[in-house]
Amino acid sequence: MGAVYQCLDRQLGRQVAMKRLLPKLSGKDWGVQRFMSEARAVASISHQNVTQVFDIIDDASGKYIVMEYVDGETLAERLARQGKLSIRESTRIMLQVGMALDTVHGQGVVHRDIKPANIMFTASGAPKLLDFGIAQLFTQQDLTSTGTAMGTWVYASPEQLQDAKHVDR
């Protein structure tokens, strides 16, 4: 849905990540709604293992989500680089991501795309859950059609592959 850029917030003097809605989707109501839904979903969550949303920008050049910049590698990159993880490391990551998901679910959000590429490590090694692009919010109408599969099929649950609209935590 978008392209992500590393940017400098000149006002606060810090690095941020900016996700821009792809121009081909900016003219489609469902694309704009899903993009805004992602921003709202993440902005409603406060947890050390979930990337933060700082702002939404809507100007002549497009729509952007301004987010916390995580300077590290994804779990997918780590696995490719080092192979399988130790039981201790795997357990640490699963517990922290699990606590993040508990908070996410408590805010009425289902991520629907948990995979190694959507878990990134900070410089201190803390995992951060990111990319809520296909998340479902319980508090608003879902943009997914009944019977539609969503997510990365290798990581999705069977029920999500059959009907992503009715997937819950």
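Me: Over the face of which residue does Arg14 lie?
Reply: In this predicted model, the question concerns a charge placed over a ring, which calls for the CZ atom of Arg to be within 6 Å of the ring centre. Arg14 meets this at 4.0 Å from the ring centre, and the residue whose face Arg14 lies over is Phe54.

Me: How many aromatic pairs does the structure hold?
Reply: Rings of Phe, Tyr and Trp pair if their centres lie within 6.5 Å. With that cut-off applied, the number of aromatic pairs in the structure is 0.

Me: In what order do helices and strands follow one another along the sequence?
Reply: The protein has 5 helices and 8 strands to arrange. Read along the sequence, these elements follow the pattern β-β-α-α-β-β-α-α-β-β-β-β-α.

Me: What percentage of the residues of the protein count as buried?
Reply: A residue counts as buried when its relative accessible area is under 20%. The protein exposes about 9,600 Å², of which carbon and sulfur atoms supply 52%. Of its 169 residues, the share that count as buried is 44%.

Me: Is Asn49 buried or exposed?
Reply: Asn49 has its place in the loop between helix 2 (29–43) and strand 3 (53–59). Its relative accessibility is 2%, and the limit for a buried residue is under 20%, so Asn49 counts as buried.

Me: With the side chain of which residue does the side chain of Asn49 make a polar contact?
Reply: Leaving aside neighbours within four places in sequence, Asn49 is in contact with several residues, among them Ala100, Pro127 and Leu129. One further residue on that list is 47 residues away from Asn49 in sequence, yet the two C-alpha atoms are 6.7 Å apart in space. The side chains of this pair make a polar contact at 3.3 Å, and the partner of Asn49 is Gln96.

Me: Which residue meets Asp58 in a salt bridge, side chain to side chain?
Reply: A search of the whole structure finds 6 salt bridges, and one of them involves Asp58, which is exposed with a relative accessible area of 55%. The N to O distance in this bridge is 2.6 Å, and the residue that meets Asp58 is Lys63.

Me: How far apart are the closest N and O atoms of Arg81 and Glu73?
Reply: Arg81 is exposed, with a relative accessible area of 55%, whereas Glu73 counts as buried at 18% relative accessibility. The two residues form a salt bridge, and the distance between their closest N and O atoms is 2.5 Å.

Terms used
Residues are numbered from 1 along each chain as its sequence is written. This is a predicted model: local features need pLDDT of at least 70, side-chain atom pairs count only at pLDDT 80 or more; totals for chains, interfaces and linings use all residues. Side-chain values use heavy atoms; hydrogens and water are left out. Helices (H or I, at least four residues) and strands (E, at least two) are DSSP runs, numbered from the N terminus. Buried means under 20% relative accessible area, exposed over 50%, partly exposed in between (1.4 Å probe, protein chains only). Accessible areas come from the Shrake-Rupley method with a 1.4 Å probe; for residues, only the protein chains shown count as cover. Rings of Phe, Tyr and Trp (its six-membered ring) pair if their centres lie within 6.5 Å; planes under 30 degrees apart count as stacked, over 60 as edge-to-face and the rest as tilted. A charge sits over a ring if NZ of Lys or CZ of Arg is within 6 Å of the ring centre and within 35 degrees of the ring normal. Contact means heavy atoms within 4.5 Å. A polar contact is a pair of N or O atoms within 3.5 Å; within protein, one must be able to donate a hydrogen and the other to accept it, and residues adjacent in sequence count only if both atoms are side-chain atoms. A salt bridge is a side-chain nitrogen of Lys or Arg within 4 Å of a carboxyl oxygen of Asp or Glu.
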